[in-house]
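Student: I have a model open and would like to learn how to read it feature by feature. Could you walk me through it?

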Amino acid sequence: MTPVIPEQHAHADTDTLRRTWRTKPGFIGWLSAVNHQDIGRRYIVTAFMFLLIGGIEALLMRLQLAKPENTFLSAGRYNQIFTLHGTTMMFLFAVPVMEGMGIYLVPLMIGTRNVAFPRLNAFGYWMYLAGGLFLYGCAFFNMIPDAGWFAYPPLSGPQFSPGKGVDAWAQMITFTEVSALCVAVELIVTILKMRAPGMSLNRMPMFCWSMLVQSFMIIFAMPAVMIASTVFLLNDRTLGTHFVNPAEGGDPLLYQHAFWFFGHPEVYIIFLPALGMVSSILETHTRRRIFGYPALVLSLVGNGFIAFGLWVHHMFATGLPQIGEAYFTAASMMIAITSGVQIFCWLATMWSGRLHATAAVHFVFGFLFIFVMGGMTGVMLASIPLDLQAHDTFFVVAHFHYVLIGGALFPLFGGFHYWFPKFTGRKIDETLGKVSFWILFVGFNTTFFPMHWLGLVGMTRRVYTYIPGLGWDYANLTATIGAFLILLGGLTFIANVLRSRRFGERAGNDPWQGSTLEWEAQSPPEPYNFPNLPVVTSRTPLWTPVSERPIVIGMREDRREVLITKVLDAEPHHRSVQPPPTLWPLLTALGFGIGLAGSIFAFNWYYLASLLGMIGLIGWFWPRRPLEVEQ
Amino acid sequence: MTQSVWHASGYNAAQIRELAIFFGLLLTAIFLIVEVVALLVLRRRHRGIQQEPLEASHQPGSGTESKLRTVVGISTAVTVLILFGLTILSVSVGKAVTASVAPAGSLKVEVTGKQWWWAVRYASDDASRVLLTANEIHIPVGRPIAMKGEAEDVIHSFWVPSLQGKRDLIPGRTTQEWLQASQPGEYRGQCAEFCGLQHAHMAFWVIAEPADQFQAWFDHQLQPAVEPTDEETQRGRAIFLRSACSLCHAIRGTDAAAQVGPDLTHFGSRRTIAAGTLPNNKGNLAGWIADPQTIKPGTHMATVAIQSAEMQPLIDYLESLK
């Protein structure tokens with residue numbers, strides 16, 4: 001099929017553009033890719049692999065808990081598996097997959113050719129991959145963390161967790177945190193400085209807003225976990241410091257504060273992009289501009305701020321002063337307001353629009369059901385007396401799976417169905433999509449709804465077995481059966497993706513008649529995204545008649561030029577030339593990776609990390625030619 | 001066995017249960033309203049086509065928009081009011097229920113969490129009335145109990161759902177809460193904070209008894225261990241004292257005084273062994289002593305080499321410590 005080039009792009013020299021922007025062929029070319037589409041796709045595919053691994057771990061746990069006093073897994077193995085499950089899902093799946101979606105979609109949505117720092121982007125991905133491989137590589141040699149995904153000292157300290165498992169856990173966080181910070185910086189600069197002319201902040205798509213807020217949250221949250229896992233825990237373990245060792249005057253609660261100051265915003269870091277996806281899906285599928293755009297944006301920003309004020313509700317049972325606890329109850333309740341406003345706006349959008357119930361919209365409705373229920377149990381957990389009963393039980397397990405799977409995974413699957421034509425050029429099978437939705441929806445509720453009950457009748461979390469006679473048997477068996485339904489739903493989804501990728505109907509540029517700029521690019525997008533950069537005149541640029549859509553001309557096509565615009569109103573400012581593909585980000589990540597991995601065994605490896613990393617950075621920044629041209 | 005938030009006994013747990021029911025009903029109602037609206041939206045989707053010329057403007061008429069703004073505005077305001085109310089309610093109930101200072105006239109009990117059992121100490125100004133025991137806490141019905149919590153190794157969390165919410169036991173700190181039982185009963189509790197390999201097998205019992213029964217129990221527990229009466233149990237005591245058992249366990253009234261493992265002075269009177277893992281009977285005890293690592297893998301209870309001929313007297317002796 002020959003690509004359809006709208007009339008106004010007829011004069012663009014697409015051959016030159018393609019030559020300029022393409023990723024070099026061959027294996028070396030593949031390794032040196034710096035285009036946002038390549039990197040974004042890699043993030044998404046890698047993250048889905050980790051989702052699969054984390055899912056298998058979940059199934060193993062459910063098998064062990066299917067009946068009382070089961071001996072399928074030993075106590076030690078079970079503790080390792082739930083630690084890996086939480087760690088994998090939080091650090092290696094949920095955050096990276098959202099970042100991947102952002103890296104892939106944001107430049108398309110704001111009408112530019114690439115992210116702001118392409119090499120940093122590639123470096124971030126390689127660090128993430130290295131972190132994941134490092135954790136599972138250590139697991140392969142039986143250095144498996146077993147202190148839970150938040151690794152409270154003293155249990156995670158050198159005395160009670162000997163061996164290298166917890167070191168591997170803490171150092172893996174270093175990798176993913178570097179990666180997350182790279183993406184955050186990347187997206188903030190891209191969104192603030194590279195929007196298409198005319199796309200003032202108040203015309204920016206909701207998904208970009210959500211990625212912007214999320215990226216700022218990453219910048220504020222990640223240093224806290226660095227302090228917890230690296231400065232406190234890893235130093236205590238490998239260098240003999242005593243930050244959180246009570247025997248030497250350290251304070252284990254200090255770790256909890258630092259960890260949850262990151263850990264709670266982390267949930268919103270995962271879930272804000274999902275909210276952006278819901279807004280995108282609904283706008284297109286209701287055929288109307290999203291209702292309450294300013295309210296939605298303010299709610300996202302509000303979520304971003306409030307999320308930093310409620311970490312202590314993870315620590316109510318530690319016996320903090322009551323006056324402080326009351327403050328954190330109020331803050332935890334408050335986040336329900338900003339989340340509620342968004343739900344109301346979406347309902348209003350659907351009410352007044354013309355809803356098309358595609359597979360993507362099915363997932364949005366799944367989100368509305370599951371996430372709202374998770375929100376309700378969240379309000380219960382904000383109340384200290386209720387939290388003291390529900391804390392650390394299966395009630396909490398149910399709650400956070402409702403908000404994370406309902407709030408992030410269902411919208412992500414919806415978004416995946418929605419953008420699948422853009423990713424692959426083919427439509428995803430709608431019927432199979434809806435079938436997978438129903439299996440996942442029923443499976444999810446079968447698994448996690450009984451856990452609310454289990455928690456209230458006393459089942460604590462992280463137990464590798466339980467005695468009969470406590471009334472927990474049937475609910476646990478039901479949950480295990482549900483887990484296999486989720487597996488079935490997941491396999492249906494994978495089958496659908498693989499099948500539609502090969503045999504799906506050709507989608508064309510804009511199968512949904514979407515409202516935002518990504519639907520103007522080809523499916524899948526050319527490496528340069530747009531033949532001519534678009535100029536935006538409304539909040540829904542693609543719903544503006546073609547004749548009223550100006551374009552940017554005068555950009556050079558024979559080098560990687562992007563247009564830099566002003567932060568607020570996106571007036572053109574200057575052109576910037578991006579560096580070509582290169583192996584240096586990979587080599588730098590490799591250098592740092594070897595050093596960081598080795599450093600859990602001996603401190604000297606840090607010197608190696610510095611040396612190799614420095615060599616990598618010298619190669620990376622070796623001066624070439626002037627990068628910026630004034631206009 | 002009762003280990004349930006619903007099976008509340010006593011002031012604190014009952015208050016929390018009422019609050020939970022109120023929260024639960026109100027939030028379920030709100031949830032249902034949101035879902036009903038969502039389903040109505042789904043049913044309405046074909047009617048939208050006639051109502052508004054969306055395809056041209058992608059924006060409903062200004063009348064519809066302002067109506068929607070009103071509805072969303074009111075819903076938000078109602079949300080704020082409800083959450084405000086719930087916050088006030090929660091804080092005011094919580095103030096009494098989760099206070100760390102117990103009401104006057106309370107019985108002082110100190111619990112120390114250890115991997116993976118509970119040391120219990122009844123405090124008293126009179127040193128002769130301080131009682132050490134393990135994994136089983138007897139309390140008088142109707143009297144507030146001031147719980148003090150400490151941890152020896154890692155963080156544990158003390159939780160008896162029928163009586164009160166959790167309180168973490170943190171090394172290097174002392175945490176406090178209070179609870180009260182309103183009916184006699186046996187309430188099971190369990191460690192709620194992941195504390196390592198045998199977190200799952202770190203349970204205990206709280207036995208609430210009428211005041212006079214409690215007093216009788218307490219006075220009896222203060223006594224040293226009963227003297228063995230027959231030859232078999234006398235042999236059992238000798239075996240206990242000369243084997244490795246006495247390196248970790250104390251039996252008051254004998255030379256065994258170590259405080260590494262649970263105090264066994266009145267071991268025979270307890271309901272379970274190995275912190276709620278097994279019912280306390282001779283068969284289970286023999287299994288536990290012979291091979292603790294199979295029953296509770298990773299436990300710090302040592303496998304002590306006891307000859308098979310010596311096992312029976314040892315068990316008879318321990319079970320005689322009523």
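Tutor: Gladly. Let us begin with a helix pair: helix 4 of chain A passes helix 7 of chain A in a left-handed crossing. Keep in mind throughout that this is a predicted model.

Student: At what angle do helix 4 and helix 7 of chain A cross, and how should I name that arrangement?

Tutor: The idea is to compare the N-to-C directions of the two axes. Here helix 4 (residues 75-110) and helix 7 (residues 206-238) of chain A cross at roughly 130 degrees, with axes that come within 10 Å. An angle over 145 degrees would count as roughly antiparallel, so helix 4 and helix 7 of chain A are oblique to each other.

Student: Which residues meet where helix 4 and helix 7 of chain A touch?

Tutor: From helix 4 of chain A come A:Gly102, A:Leu105, A:Val106, A:Met109 and A:Ile110, and they meet A:Phe207, A:Cys208 and A:Met211 of helix 7 of chain A. By class, this contact has 7 nonpolar residues, 1 polar and no charged.

Student: How does the pair of helix 11 and helix 13 of chain A cross?

Tutor: Helix 11 (residues 359-382) and helix 13 (residues 394-424) of chain A have axes that come within 8 Å and cross at roughly 160 degrees. That angle makes helix 11 of chain A roughly antiparallel to helix 13 of chain A. Their crossing is left-handed, and the contact between them holds 17 nonpolar, 10 polar and no charged residues.

Student: Stepping back, how many helices and strands does chain A have, and what does its radius of gyration tell me?

Tutor: Chain A has 17 helices and 3 strands. For the radius, compare with what a compact globule of 631 residues would have, near 25 Å; chain A has 24 Å, which agrees. The C-alpha trace of chain A spans about 75 × 60 × 50 Å along its principal axes. Of the 631 residues in chain A, 61% are buried.

Student: How many residues of chain A and chain B are in contact?

Tutor: A general point comes ahead of the count: interface size is often given as the accessible area lost when the parts come together. Here we can count residues instead: 73 of chain B are in contact with 72 of chain A. Several elements of chain B supply at least two residues each to that side, including helix 1 (11-44) and strand 7 (164-169). Helix 4 of chain B gives the most, with 17 residues. By class, the side of chain B that touches chain A has 38 nonpolar, 24 polar and 11 charged residues.

How values were computed. Residues are numbered from 1 along each chain as its sequence is written. Chains are lettered from A and ligands numbered from 1 in the order in which they are written. This is a predicted model: local features need pLDDT of at least 70, side-chain atom pairs count only at pLDDT 80 or more; totals for chains, interfaces and linings use all residues. Helices (H or I, at least four residues) and strands (E, at least two) are DSSP runs, numbered from the N terminus. The radius of gyration is taken over C-alpha atoms; the globule rule is 2.2 Å times the number of residues to the power 0.38. A residue is buried if 20 or more other C-beta atoms lie within 10 Å of its own, exposed if 12 or fewer, and partly exposed in between; C-beta atoms are placed from the backbone. Axes are lines fitted to C-alpha atoms, for helices over the stretch in contact, and angles run from 0 to 180 degrees between N-to-C directions. Angles under 35 degrees count as roughly parallel, over 145 as roughly antiparallel, 65 to 115 as roughly perpendicular and the rest as oblique. A crossing is left-handed if the near helix is turned anticlockwise from the far one by less than a right angle, and right-handed if clockwise. Two residues are in contact if their C-beta atoms, placed from the backbone, lie within 7 Å. Ala, Val, Leu, Ile, Met, Phe, Trp, Tyr, Cys and Pro count as nonpolar, Asp, Glu, Lys and Arg as charged, and the others, Gly among them, as polar.
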